[in-house]
Amino acid sequence: MKTKYLLLLFFVFLAGIVAGQTGIIKGRIYNSANNEPIPFASIIISGTTVGSTSDLDGNFIFTGIKPGYYKLTVSSVGFEMVMSDEFQVTNAKTTFTDIAMKEKTFKLEDVVVRPNSFRKVEESPVALKSIGIKEIEKSPGANRDISKVIQVLPGVASGLSYRNDLIVRGGGPSENRFLLDGIEIPNLNHFGTQGASGGSVGIINSDFLREVDFFTGAFPANRGNVMSSVLDMKLIDGNPDKMVYRTTLGASEIAASASGPVGEKTTMLFSARRSYLQFLFQALKLPFLPTFNDYTLKIKTKFDQKNELTFLSIGSLDKSVLNTGIDNPTEEQQYILNYLPSYDQWTYAIGAVYRHYRDNSFDTWVLSRNMLNNESNKFENNIENGVPVLRYGSQEIENKLRYENTYRVNDYKIISGVGAEYVKYTNETFKKVFIPAGPDTITSLSYNSSLLFWRYNAFLQASRSFMDNRLTLSAGFRLDGNSYSSEMANPFSQFSPRASVSWGLTDKVFLNGNLGRFYQLPSYTTLGYRDLSGKLVNKENGIRYIQSDHLVAGVEYRKSDNARISLEGFFKWYNDYPFSVNDSVSLASKGADYGVYGDEPVVSVSSGRSYGLELYYRDRIKDFLNVILSYTFVRSEFEDKTGKLIPSAWDNRHILNLTAAAEFGKNWNVGAKWRFVGGAPFTPYDELRSSLKTAWDARGQGYPDFNRFNSERLSNFQQLDIRVDREFFFKKWSLNVYFDVQNAYNFKAKDPDVLVLQRDANGQPLTDPSDPARYKLKYLPSESGTVLPTLGIIIEF
């Protein structure tokens, strides 16, 4: 009770001293084609009558602005009216936002284009959603993790509650790509699954995010090697006015960041985070103790109006060890300790983006390098440096150069470019295995692998608007190839055309569509797999690019500038997917677990499909309540070894999200998110194989029965998350205190029962009395879901 009254007094005290604090908005209005300033543009704070005008250099300023989240509406003669991305105003710093405007290609009297807060690009009129900074900061249950924030969007399913696997429109977690300020980063998460995209916690520091575009199809030609989604994230620039600092204490980590000038023309951003999960897990007596660290650095120099250079680096360092000091572990704890290895993983991406503006176009040069170092170790009875069960060490290195030109002439927008990558992959593997092969059953696998090869691409896309901007057409193609093998060397064998259309029936109703073919290279773990003789097995098996054909069509109704309803249907056909030789299943259903994905012999023969329907509704009601509703019906199926289509691991069927966020006086924000995900298929255990001592000792856990692959289904999952924010603005600093509760009504999801060894009173496994070569097994009931409260504090000064 004392604590409750102290907190109440604390908030009352703060409320009494924050009145009257205001912020400043500065920015620049410029031509998107050539970066030249637009003078005398009219700028209005959206939803108000407060306005300003740009000067001869395109600069503008607002003063005396109440802290909060804002957008700006900009208009100028000869340019299309535009609404800016959302940004936050605080009294601790001046907020800077630069706004690009597009020249009109139609007569002023012919049509009036209203600004709209929903982003739409010529190349991707469908399957694109943009996420504002307020959604990222305040999303209930997401803890400011962009991997969790996007789960409310249509088409996005989630896997296990403790992982961030990105499952989009029935595609697996290996089918996604991530960009940060134009530089590709290999994974979005800590403790990433090599060869896929999942993990446990996001790497991106949301403090620096400016805008996020999420493509679930209709990929532009300059975005390749993808079949399910592209997450294109852009960071803010450093504060050019003064150094600004921010510290954050969140659910699992502490973070510090700095932003400010480092010269007359240069700004910087830097952040570092470190988790304290290992202390929490140890207190809870969990069988593993994870620690993660990450950093982000951005330096941007604007040499002059026509030239700018951005340097970016992001990296992570993750380590997980077993908590072998648990006294009298439970059966579940002992089971995890017996099979789970230790993990040691680090990644980084580093690069430079140079942009040069011309009269009607701009060039973009991107030079980058990314690297993953992944190590796992497991020893018998968890005796360090004892008898090894698993020793795994692998590196993936990509050195990339990409050139793009964006050109506007008359009514056309043309994007063209080329790219090249030099790839290095290494793998040193020893692991106990159990692969039945008649009398020659394989019980261990040991090999070293190294790959060096080139990848190359070229792309072109042209777009044009007709009928006074009511009809927009876009068409393009992409070529991809590599020097790994003759099957994939010719880029014309991976010719991927695409076309989009958007037709405005009225100024509020639009019909949109896209048809395209997309290719993706199988993972390096698959390309580099070798057998006991050292052969590149999958190269000899003629492995090829995976092909996916997409058809997307939809209708969109823009009720107002802040309200939108859309209905989209999609169909995806897959061909040449890697098919596991050992398990006789498609790799399309794998990748949602820790460790390594694709490190096995395969043949490129698997086919499949996913299809569905998405409903998306978004509105701002009474100027204080934001509502988002998304519903997805999805089917995902791949052929089994007999050629029959069966559900993939991502066949959730029904996904429903409802989010509501309300703004109250004195800077209170309250939000709630309810999520329903249909049960995914799973594969029961092969009890006969699992009970063999040689089999169990090699794996430490049961074996799936691939003859009954995905024949059973999990129960449906649902969860309610709630978040309450209170912001305080002082003279020179600000404070945000939030309370977040995940799974507020403590829903328990039924998971597949876990197959474990039966043990005696001393903890030793029991032998089957009828067959000394087998263990006695039993099932442990399993469920997931618990109430998870979090108190977070953010300080900016």
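Visitor: In what order do the strands of the 4-stranded open sheet lie?
Guide: When you read a sheet, go across it from neighbour to neighbour. Here the order is β3-β2-β6-β7, with antiparallel pairing. Keep in mind as we go that this is a predicted model.

Visitor: Which are the edge strands of that sheet?
Guide: Look for strands that pair on one side only. In this sheet those are β3, residues 51-53, and β7, residues 82-83.

Visitor: How many bridges join β2 to β3?
Guide: There are 3 bridges between β3 and β2, the latter covering residues 42-45, and the two strands run antiparallel.

Visitor: In which sense do β15 and β16 pair?
Guide: Antiparallel, over 6 bridges; β15 spans residues 209-215 and β16 spans residues 229-235. For a facing pair, find F214, which stands opposite L231 in β16.

Visitor: Can we zoom in on a single residue? Is K413 buried or exposed?
Guide: Check the relative accessibility against the cut-off: under 20% means buried. K413 has 13%, so it counts as buried. You'll find K413 in strand β25, which runs over residues 412-435.

Visitor: What does the side chain of K413 make a polar contact with?
Guide: With the side chain of E123, at 3.2 Å. Leaving aside neighbours within four places in sequence, K413 is also in contact with other residues, including E122, Y407, R408 and Q461.

Visitor: And what is the mean pLDDT of the chain?
Guide: That's the predictor's confidence, and its mean here is 89, with 94% of residues reaching 70 or more.

Visitor: Where does pLDDT stay under 50?
Guide: One stretch is residues 1-19, where the model has 13 contacts beyond four places in sequence. Another is residues 108-113, with 7 such contacts.

How values were computed. Residues numbered from 1 in each chain as written. Predicted model: local features only at pLDDT ≥ 70, side-chain atom pairs only at ≥ 80, totals over all residues. Heavy atoms only, no water. Pairing = 2+ DSSP bridges. pLDDT = per-residue confidence, 0-100. Contact = heavy atoms within 4.5 Å. Buried < 20%, exposed > 50% of the residue type's maximum accessible area, 1.4 Å probe, protein only. Polar contact = N/O pair within 3.5 Å; in protein donor to acceptor, adjacent residues only side chain to side chain.
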